[in-house]
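This report is meant to be read alongside the sequence and the structure shown below. It begins with one contact site and then widens to the rest of the chain.

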Amino acid sequence: MAAAGGGGLRGRSLPELREMLRRQERLLADRKFIARLPDKGKISDFAEKLTLAVLQEEELARMAELLSAVRLEFQVKQEEINTSKHQVILNEDTRNCEKSSVFNGNSNIKEASLIVSQGQEAECIEQDVTSTTLKNQRTREKQ
């Protein structure tokens with residue numbers, strides 16, 4: 001019975017291994033029962049194998065916890081890096097928009113001053129036309 005259970009330790013969970021070990025230790029505690037068995041040492045060998053298997057599974061569980069903590073820390077740092085990259089991109093976009101706004105502002109100022117100067121030029125031409133017309137009228141009146 002103990003030999004048949006010895007082959008399948010690898011697929012067992014930690015609680016199952018602990019339960020099997022507890023049973024084996026209980027059997028080992030019964031000295032009279034052990035003395036009557038023809039292969040007295042196999043139970044203690046199997047108990048040692050179970051103890052090693054439990055220790056290995058506990059070590060694997062600790063490693064999994066540590067890896068999980070490292071993974072979590074890595075994810076947090078990765079998110080921080082991604083957030084800082086996103087901030088840099090946003091800052092660059094903001095700067096580009098500001099430059100564009102300054103450029104557009106300058107363009108608007110140039111356009112406005114061009115319109116004003118065109119308006120002033122039109123007024124000057126209009127004044128010249130008016131003054132020329134008045135001069136022509138005066139000249140005709142004098143003749």
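A53 touches L9 and L17, when residues up to four places away in sequence are not counted. These three belong to the largest nonpolar core, which has 9 residues in all and is made up of L9, L14, L17, M20, L21, F46, L50, A53 and V54. The elements that give two or more residues to this core are α2, which covers residues 14-29, and α4. As a general background, nonpolar side chains tend to be buried together in soluble globular proteins.

The model discussed here is a predicted one, and its overall layout can be stated briefly. The chain has 4 helices and 0 strands, so that, in the order from the N terminus on, its elements run α-α-α-α. Buried residues make up 12% of the 143 residues in the chain, and the chain exposes about 12,100 Å², of which carbon and sulfur atoms supply 56%. Among contacts between residues at least 6 apart in sequence, 59% join residues at least 24 apart.

Helix α2 has 16 residues and reaches 22 Å from its first C-alpha to its last, which is close to the 22 Å expected at 1.5 Å a residue. Which of its residues are buried? In α2, the buried residues are L14, L17, M20, L21 and Q24. Seen down the axis of α2, these buried residues fall within an arc of 125°, and therefore they line one face of the helix. On the other side of α2, P15, R26 and A29 are exposed.

Leaving out residues up to four places away in sequence, Q24 touches I43, F46, A47 and L50. A47, for its part, is in contact with L21, Q24 and L28, once its neighbours within four places in sequence are left aside.

Q24, I43 and A47 each count as buried because their relative accessibility is under the 20% cut-off, and the table sets out the values.

| Residue | Helix | Relative accessibility |
|---|---|---|
| Q24 | α2 | 9% |

The C-alpha atoms of I43 and L28, which are 15 residues apart along the chain, are separated by 7.2 Å. A47 and L27 are 20 residues apart in sequence, while their C-alpha atoms are 9.7 Å apart in space.

The chain averages a pLDDT of 75, and 58% of the residues score at least 70. Which elements have the lowest and the highest mean pLDDT? Among the elements of the chain, helix α1, at residues 2-6, has the lowest mean pLDDT, at 44, whereas α2 has the highest, at 89. Over residues 1-6 pLDDT stays under 50, and for this stretch the model has 4 contacts beyond four places in sequence. Where pLDDT is low, the predicted coordinates should not be read in detail.

Notes
Residues are numbered from 1 along each chain as its sequence is written. This is a predicted model: local features need pLDDT of at least 70, side-chain atom pairs count only at pLDDT 80 or more; totals for chains, interfaces and linings use all residues. Side-chain values use heavy atoms; hydrogens and water are left out. Buried means under 20% relative accessible area, exposed over 50%, partly exposed in between (1.4 Å probe, protein chains only). Contact means heavy atoms within 4.5 Å. Accessible areas come from the Shrake-Rupley method with a 1.4 Å probe; for residues, only the protein chains shown count as cover. A nonpolar core is a set of buried Ala, Val, Leu, Ile, Met, Phe, Trp, Tyr and Cys residues joined through side-chain atoms within 4.5 Å. The expected span of a helix is 1.5 Å times one less than its number of residues. The arc is that of the directions from the helix axis to the C-beta atoms. pLDDT is the predictor's confidence in each residue, from 0 to 100.
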